Each structure stands twice: as structure tokens, then as C-alpha cells.
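Take a look at the model below. We will go through a helix pair and then some aromatic rings.

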Amino acid sequence: QVERVIDEKSTPKDNTVYANDFNISQEGLEHIKKYEKLSLTPYYATKYEKQIGKQTIGWGHVIKSSDPDWIKKADSITKEQANKLFEEDMQLYVIAYRRALTNLPKNLRNPNLYTQGFIDAGISIVYNSGASNFKSSPFFKTWMNCRIPCRPFMTTPATTWWTWTTS
């Protein structure tokens with residue numbers, strides 16, 4: 001139901017790519033989990049987050065004031081709860097990724113430009129940088145400034161993007 005607000009279109013007969021055509025794969029999900037690592041207890045991911053009192057739990061879920069009490073007041077959670085949080089977070093980040101792409105430039109609407117690894121890497125960047133920071137990321141800026149032929153950028157293996165954005 002939430003996805004309906006983004007884009008009513010699906011891929012039409014003219015073979016144009018729209019935002020709803022992008023989704024993360026199982027490999028992309030596993031990569032994020034591997035990078036985030038599971039923590040069943042709250043922790044501070046960075047010194048800055050410790051200074052401002054922002055904790056993380058599960059597979060990289062940042063605890064927010066809007067979270068339910070079972071998350072905000074938890075000394076620990078179960079792996080099942082962490083997986084549920086991850087799935088809920090991932091839905092929001094996929095939506096944020098799609099929202100950022102709602103108005104793809106015409107030259108970037110060709111579905112043959114994209115690999116699943118490229119899409120996974122983009123969603124991983126949204127997950128790690130936050131939805132509000134994605135449009136200012138080097139990944140997004142390079143992508144939007146691409147002019148045909150830009151296939152080498154689009155087909156760069158996801159592991160290259162992940163290494164670049166997480167190191």
C-alpha cells in the first residue's frame with residue numbers, strides 16, 4: 001500500500017524504466033547484513049552517535065524516538081525481531097530509493113543499462129547513508145550526470161560500489 005504513493009506506472013510497452021522497476025535482490029540483502037553484522041543489544045555505531053545518544057540495534061537499525069517501546073527500551077532483542085526490523089527498514093529504504101528515481105532523465109530509462117548488482121548497490125547506499133543523503137551521494141550524482149554511453153558505470157560490479165561507499 002505504501003508503494004502506491006511513489007509511482008503508479010509499471011514498465012510500459014515502450015520498454016522504459018520507472019522507479020517501481022527497481023528492487024533489491026536476496027544477494028543485496030545478504031550483503032547488507034554481512035556488512036552491518038547482527039547485534040542483539042543496542043550500541044553506538046560511531047563516536048558522533050554516542051555524543052548525540054543515537055543507538056543502533058539488529059542489522060543496523062538506528063533506534064528512533066518514533067520506534068515502538070519494545071525497541072526503544074530494549075536491553076536486547078531476538079534474531080527474529082532483528083530480522084523483522086531489517087525487513088521493515090528495507091521496505092522504507094527501497095521506497096526512498098525509488099522516490100529518488102521517480103524522474104529519471106530520459107537517457108537513463110533504458111532497462112538494458114542496469115544490472116541487479118548496480119541496483120543492489122544503490123539501495124545499500126541509501127540504507128547506509130540514509131534516505132535524505134542519497135541524492136547528494138557521489139553514486140547518485142555520477143549516475144544522474146551519466147550520458148550515453150555510460151554502461152561501464154552501470155555495470156560496475158556491486159562489490160566495487162560497496163567497497164567504494166563503505167571504505
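At roughly what angle do the axes of helix α4 and helix α5 cross? The axes of α4 (residues 79-100) and α5 (residues 116-129) cross at roughly 110° and come within 9 Å. The two helices are therefore roughly perpendicular to each other (65 to 115 degrees). Axes here are lines fitted to C-alpha atoms over the stretch in contact, with angles from 0 to 180 degrees between N-to-C directions. Helices are DSSP runs of H or I with at least four residues, numbered from the N terminus.

This is a predicted model, in which local features need pLDDT of at least 70, side-chain atom pairs count only at pLDDT 80 or more, and totals for chains, interfaces and linings use all residues. Residues are numbered from 1 along each chain as its sequence is written, and side-chain values use heavy atoms, without hydrogens or water.

Which residues make the contact? From α4 come F86, D89, M90, Y93, V94, A96 and Y97. From α5 come F118, I119, G122, I123, V126 and Y127. Contact means heavy atoms within 4.5 Å.

Y93 and Y127 also form an aromatic pair (ring centres within 6.5 Å). Their centres are 5.1 Å apart and their planes 70° apart. That makes the pair edge-to-face (planes over 60 degrees apart). Y127 is buried at 6% relative accessibility, while Y93 is partly exposed at 23%. Buried means under 20% relative accessible area, exposed over 50%, and partly exposed in between, with a 1.4 Å probe and protein chains only.

The structure holds 5 aromatic pairs. F22 and Y97 are edge-to-face too, with centres 6.0 Å apart and planes at 90°. Both are buried. Ring pairs link F22, Y97, F134 and F140 into a cluster.

Notes:
Angles under 35 degrees count as roughly parallel, over 145 as roughly antiparallel, 65 to 115 as roughly perpendicular and the rest as oblique. Rings of Phe, Tyr and Trp (its six-membered ring) pair if their centres lie within 6.5 Å; planes under 30 degrees apart count as stacked, over 60 as edge-to-face and the rest as tilted.
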